[in-house]
Amino acid sequence: MSRDRGDAVSPARAQSAQGAGARPHRRSLLLGGLGLGGAALGGIGLAACSTSNGTTPSPVPTLRAPTPVPGVSDGVFGLGVASGDPLPDGVILWTRLAPKPTQGGGMPSRDVPVDWQIATDERFVSVVRAGTQTAQAAFAHSVHVDVRGLEPGRDYYYRFRAGTVLSPVGRTRTAAAPAPGGAAAASGSLSFALVSCQDFQNGYWPAFDAIATDHPDLVVHVGDYIYEYDPDSRFPDRLHTTPQTLGLDQLQTLSDYRNRYGQYKADPALQAAHHAAPWVVTWDDHEVENNYAGLVDEPGDTGARHQDPARFARQRAAAYQAYYEHMPIRAELNPGSPDLRIYRRLTFGSLATFNVMDTRQYRTRTPGDYPSAIGPAELGRTDFDGTMAGADQERWLRAGLDASRTRWNLIAQQTMMAQLDGQLPTGGTELLTNLDQNDGYRPYRQRLLAGVRDSRVSNPVVLSGDLHCAWVNDLRVDFDRPDTPAVATEFVCTSISSAFFLISDDFVRENNARFNPHVRYFRGDRRGYTRFQLTPTQCRADQRVVADSDRPDSPVTTDATWIVEDGHRTAHSA
């Protein structure tokens, strides 16, 4: 089965799994098929009875009887539940047993069986899949279940049980099945939220409560799920966990990262958004360390903060494992390795394809190594050997665009793709840019956008984050030639809570008027997210803004709405 279609593996779980849907893998067992995978499969009963015409209906999955587990009590599901990476016939279900999420988890140092169910109704009257999987201590008692055999394009509800304790109930949704006619036969709709950058210390997350209220089909997170900085917040209840080594302003150990994820995922607003819809996630830099590139740590680090590639590889391995342990992601983890492939492709019927990229793990060194990332634009223009995605991922993206037969084709990646040049308001004449963005890798960006153009793919749209402000941009192969046609529209979501770090909105607008005519919309003074509605005829994007992220109950409203019509490469204001 093609990895692009969701060939999924649970991490290094070489338990005594057996039965339908399980097959061996070189490091783990793939739990697919009927979704009845896991260590305690033999404890599941399948009830069936004869019908009036003598035929036997499909078996109804039932759970084994609840069994108390020493050390497992109320609060064990303190991080909630989540789902992700939906397919037409399946989805990943996630939880982690952690009654003390910021203190190592608080679980016994042994494996624990966890039961799971998925049903078509919230009361679990109609259960369609059930099973038991081992929450391994080696993976922080996290659980990833790759449920298969579901129906396409419909809602499901799921829950877990550890011992006698039931988890909260989550809603998920499978992807639609492709129509025989491809893009020409596209129908239906898809709603999703685009989010990024949720610095716990910088404020509260009413945006996530608003997303839960929206009840979207999907949430797309393009990076900075956690931040690695030391405790330092003006909100007493938002201080970061204390890492093993204070003063470095970065996490280093697996325990450091696990406790930080535990803190973030214990937030009720974030849990509400996870409980409301399946997520598709990818990382940026702060899941490991600010502005890292490949195995090069943060530019400007000196003394104890500086790490050579071998030492940074160990930190990256810890960070990637913790990321996997806390995300509803279909990926294959090799413990101790600094590598984890997470770029992947998900298709939603004939309506949309999401190309989910990773522009951190494979990128070359940032030009100039400026600690602030701000430097001469010329350095990015002449970085001919640079790449943000790596050669293999570049080829993978182009091949996917060439082969796509869906109406909309979305590229979810981390940093703003559009050119953003400017001059500081101090009288300087040098043209500056953020070299950690695509602007630091301009030949790479030209290759990627030329590939979008030459593929003739239907309705390409780029989804980005990172800058802590909202944008709508026309994307051109050569931004220095504004007379050339746009090849795609880019939507950049603002941050969930992370601070706006550019000088001011007025400063940015003045530079845009002088140097960046491709910018159609910009706003940096509000936190929030971007809400999308895809139909065969249009892509509608609402720029959602939080009135005051200092308040957890702040109202969220729509600041502006932009629309890309089918067959057009640019957006217009609604």
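User: Why is helix α7 called mostly covered?

Analyst: In this predicted model, 10 of the 14 residues of α7 are buried, and a residue is counted as buried when its relative accessible area is under 20%. The helix is therefore called mostly covered, since 10 of its 14 residues fall under that cut-off.

User: Which residues of α7 are buried, and what do they pack against?

Analyst: The buried residues include Arg 442, Pro 443, Tyr 444 and Arg 445, and also Leu 448, Leu 449, Ala 450, Gly 451, Val 452 and Ser 455. The buried residues of α7 pack against the helices α5 (377–381) and α6 (391–403), and against the strands β19, β20 (432–434), β21 and β22, where contact requires heavy atoms within 4.5 Å.

User: How do you know what span to expect of α7, and what span does it reach?

Analyst: The expected span is 1.5 Å times one less than the number of residues, and for the 14 residues of α7 (442–455) this expectation is 20 Å. From its first C-alpha to its last the helix reaches 20 Å, so its span is close to the expected one. After α7 comes Arg 456, whose phi is positive, near 55 degrees.

User: What makes β19 and β21 a pair?

Analyst: Two strands pair if at least two bridges are found between them, and β19 (residues 408–412) and β21 (residues 460–464) share 4 bridges in the parallel sense.

User: What makes β16 and β24 the edge strands of their sheet?

Analyst: The open sheet holds 7 strands in the order β16-β17-β19-β21-β23-β22-β24, with mixed pairing. Both β16 (344–348) and β24 (519–523) pair on one side only. Neighbouring strands of this sheet are turned by 20 degrees against each other on average, direction ignored. Helix α8 (residues 505–515) packs on the sheet, where it touches β22 (470–475) and β24, and the direction of α8 makes about 170 degrees with that of β24.

User: Why is strand β7 called mostly covered, and which strands are joined to it by bridges?

Analyst: In β7 (residues 112–119), 7 of the 8 residues are buried, and because buried means under 20% relative accessible area, the strand is called mostly covered. Strand β8 (residues 127–135) runs antiparallel to β7 and is joined to it by 8 bridges, with Val 112 opposite Ala 135. Strand β10 (residues 155–162) is also antiparallel to β7, through 6 bridges, and here Gln 117 stands opposite Arg 159.

Conventions:
Residues are numbered from 1 along each chain as its sequence is written. This is a predicted model: local features need pLDDT of at least 70, side-chain atom pairs count only at pLDDT 80 or more; totals for chains, interfaces and linings use all residues. Side-chain values use heavy atoms; hydrogens and water are left out. Helices (H or I, at least four residues) and strands (E, at least two) are DSSP runs, numbered from the N terminus. Axes are lines fitted to C-alpha atoms, for helices over the stretch in contact, and angles run from 0 to 180 degrees between N-to-C directions. Buried means under 20% relative accessible area, exposed over 50%, partly exposed in between (1.4 Å probe, protein chains only).
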